[in-house]
Amino acid sequence: MGRETVIVLDFGGQYNQLVARRVRECHVYCEIYSYKTEIEKIKELNPKGIILTGGPNSCYEADSPTYTRELFELGIPVLGLCYGAQLMQHILGGKVERAAVREYGKTELQVDTGTALFRGVSPETTCWMSHFDSVSNPAPGFSVTAKTANCPVAAAEDAERKLYAIQFHPEVLHTPEGTKMLYNFVCGVCGCAGDWKMDSFVEQSVRSIREKVGDGKVLCALSGGVDSSVAAVLLSKAVGDQLTCVFVDHGLLRKNEGDEVEEVFGPEGNYDLHFIRVNAQQRFYGKLAGVTEPEEKRKIIGEEFIRVFEEEAKKIGAVDYLVQGTIYPDVVESGLGGESSVIKSHHNVGGLPDYVDFKEIIEPLRDLFKDEVRKAGLELGIPEKLVFRQPFPGPGLGIRIIGDVTAEKVRIVQDADAIYREEIAKAGLDKEINQYFAALTNMRSVGVMGDERTYDYAVALRAVRTIDFMTAEAAEIPYEVLNRVMNRIINEVRGVNRVLYDVSSKPPGTIEFE
């Protein structure tokens with residue numbers, strides 16, 4: 001690795017992407033790997049530091065995830081969090097057992113501020129605990145550096161070997177000084193300079209793409225969304241007219257969106273790109289006819305995307321590379337990179353068909369979170385209006401329609417969504433809410449319009465606040481705004497007689513409504 005990197009070894013905990021996110025906030029590049037990654041691979045990566053994450057198991061049970069003792073003998077600083085802390089202690093000769101009192105939630109913590117990890121932290125601070133096992137006896141060479149009322153070993157360190165164990169979760173916002181602790185580890189203990197920023201990301205990416213592509217031809221999957229737009233401009237900067245952007249209008253876009261994308265990237269737009277628009281609406285509707293299961297819909301749409309690209313590539317001639325706007329949450333949710341289970345297939349990651357007629361796929365944004373992608377977009381000079389556009393899933397409205405997809409249902413959700421977005425903007429809430437859209441439920445119910453009985457669909461409105469799109473809370477939209485949206489949708493969108501507002505958070509829900 002040319003740049004300074006901290007790696008996260010994933011043992012299956014729920015906050016693992018957040019660990020990487022917090023490290024990056026310290027301007028240190030960070031990647032997640034499964035605990036099954038071989039020690040030889042880690043040596044090859046030569047990271048400045050290693051963080052072991054939480055996980056749902058008990059480290060002393062025979063079939064629990066573990067790692068070789070050699071990891072702690074490489075001379076590379078290691079920080080264990082929760083399960084990672086217990087595993088470190090267990091492997092190095094400490095004792096871990098079922099705690100007398102299980103701790104969960106916000107807990108008062110007393111720390112030794114004279115230690116490297118807690119430098120600058122308040123002597124009494126708050127942390128987020130989530131464990132039923134605890135370290136009852138630290139491993140030889142370790143001294144206790146933090147405790148709570150029910151956890152005598154809330155943190156321990158062997159400063160000489162640069163090994164640190166923390167029983168709580170510094171990565172979550174409920175540990176207010178957690179980022180400071182992680183900063184102390186990555187910049188203090190590991191000695192990282194903390195100079196990884198978006199401008200250097202763009203520069204490095206352009207250089208490595210040029211090197212990889214040489215004089216090859218590149219085809220970019222352009223949806224007009226934030227991720228694919230940033231990927232397209234990045235590639236354009238790197239390889240110029242070797243790039244052709246193919247925009248597949250699958251008939252599952254937001255209202256008028258196909259024309260808007262063509263306006264920005266087409267011949268009259270701001271970018272010097274070869275731009276091809278493929279109108280494939282009927283082809284996609286045909287493939288999706290009668291399909292109701294969301295994961296199956298994602299896979300069908302993903303496969304069809306690739307087939308369209310292959311066909312366009314043949315028309316262009318030999319194309320060496322396919323570019324996609326895959327970002328890090330896509331990679332994680334598709335079950336790659338760490339130990340997370342597959343949450344959903346993304347047509348640009350887990351949903352790819354077995355056979356793809358390109359030499360290689362380039363995913364220049366696959367290591368970035370959504371807000372990092374936006375920063376890269378601004379760095380590339382993409383207009384703010386486009387960079388801060390509402391996120392839109394690759395499978396489009398196909399997954400915002402519950403049940404089977406038809407042209408009529410697409411019309412309903414497009415019209416409802418356009419009204420919702422218009423009213424949110426009018427109310428001045430469009431900059432405050434990170435993602436908002438209308439979805440079509442599969443529920444039909446009785447209503448009364450005029451003096452007539454109706455039996456029509458219910459539209460669900462979704463709006464969330466989030467920083468990294470890995471966790472999210474439902475946004476509190478003023479009732480009068482929701483009421484106005486409801487009135488307009490029911491009056492103006494044929495086929496709808498009910499409007500619902502989804503207040504679920506992520507987790508347990510996902511941001512998309514499928």
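# A guided reading of the predicted model

Val19 touches Val8, Ile51, Leu81 and Glu171 when residues up to four places away in sequence are not counted; contact here means heavy atoms within 4.5 Å. The coordinates belong to a predicted model, in which local features need pLDDT of at least 70, side-chain atom pairs count only at pLDDT 80 or more, and totals for chains, interfaces and linings use all residues. Residues are numbered from 1 along each chain as its sequence is written, and side-chain values use heavy atoms, with hydrogens and water left out.

Val19 belongs to helix H1 (residues 16-25). Helices (H or I, at least four residues) and strands (E, at least two) are DSSP runs, numbered from the N terminus. With a relative accessibility of 0%, Val19 counts as buried. That term stands for under 20% relative accessible area, while exposed stands for over 50% and partly exposed for values in between (1.4 Å probe, protein chains only). Val19 and Lys315 are separated by 296 residues in sequence, and their C-alpha atoms lie 45 Å apart in space.

Thr53 sits in the loop between strand E3 (49-52) and strand E4 (78-81). Like Val19, which is buried at 0%, Thr53 has 0% relative accessibility and counts as buried. Apart from neighbours within four places in sequence, the contacts of Thr53 are Val8, Leu9, Asp10, Phe11, Gly12, Gly13, Asn16, Leu81, Tyr83 and Gly84.

Phe132, in strand E6 (residues 124-137), is partly exposed at 28% relative accessibility. Its C-alpha atom is separated by 27 Å from that of Gly49, a residue 83 positions away along the chain.

The cysteines may be considered next. A disulfide is a covalent bond between the sulfur atoms of two cysteines. The criterion applied is a pair of cysteine sulfur atoms within 2.5 Å, and the structure holds zero disulfides. Cys127 is in no disulfide, the nearest cysteine sulfur being that of Cys151, 8.3 Å away. Cys127 is also buried, with a relative accessible area of 0%.

Two packed helices are described by the angle between their axes and the distance between the axes. Helix H5 (residues 198-213) packs against helix H11 (residues 370-379) at an angle of about 75 degrees, with the axes 9 Å apart. The axes are lines fitted to C-alpha atoms, for helices over the stretch in contact, and angles run from 0 to 180 degrees between N-to-C directions. H5 is therefore roughly perpendicular to H11, a class that covers 65 to 115 degrees; angles under 35 degrees count as roughly parallel, over 145 as roughly antiparallel and the rest as oblique. H5 contributes Met198, Asp199, Phe201 and Val202 to the contact, and H11 contributes Glu372, Lys375, Ala376 and Glu379. These residues divide into four nonpolar, no polar and four charged. In this scheme Ala, Val, Leu, Ile, Met, Phe, Trp, Tyr, Cys and Pro count as nonpolar, Asp, Glu, Lys and Arg as charged, and the others, Gly among them, as polar.

Helix H13 (residues 407-426) contains Glu423, which is buried with a relative accessible area of 3%. A polar contact of 2.9 Å joins the side chains of Glu423 and Arg488. Such a contact is a pair of N or O atoms within 3.5 Å; within protein, one must be able to donate a hydrogen and the other to accept it, and residues adjacent in sequence count only if both atoms are side-chain atoms. Beyond neighbours within four places in sequence, Glu423 is in contact with Val481, Arg484, Val485 and Arg488.

Several backbone features complete the account. Lys162, in the loop between strand E8 (155-158) and strand E9 (163-166), has a positive phi of about 55 degrees although it is not a glycine. Lys162 is partly exposed, at 35% relative accessible area. Asn256, also a residue other than glycine, has a positive phi near 65 degrees and occupies the loop between strand E11 (243-249) and helix H7 (257-265). In the segment after strand E18 (496-502) lies Pro507, and the peptide bond from Lys506 to Pro507 is cis, with omega near -15 degrees. Pro507 is joined to Pro508 by a cis peptide bond with omega of about 10 degrees.
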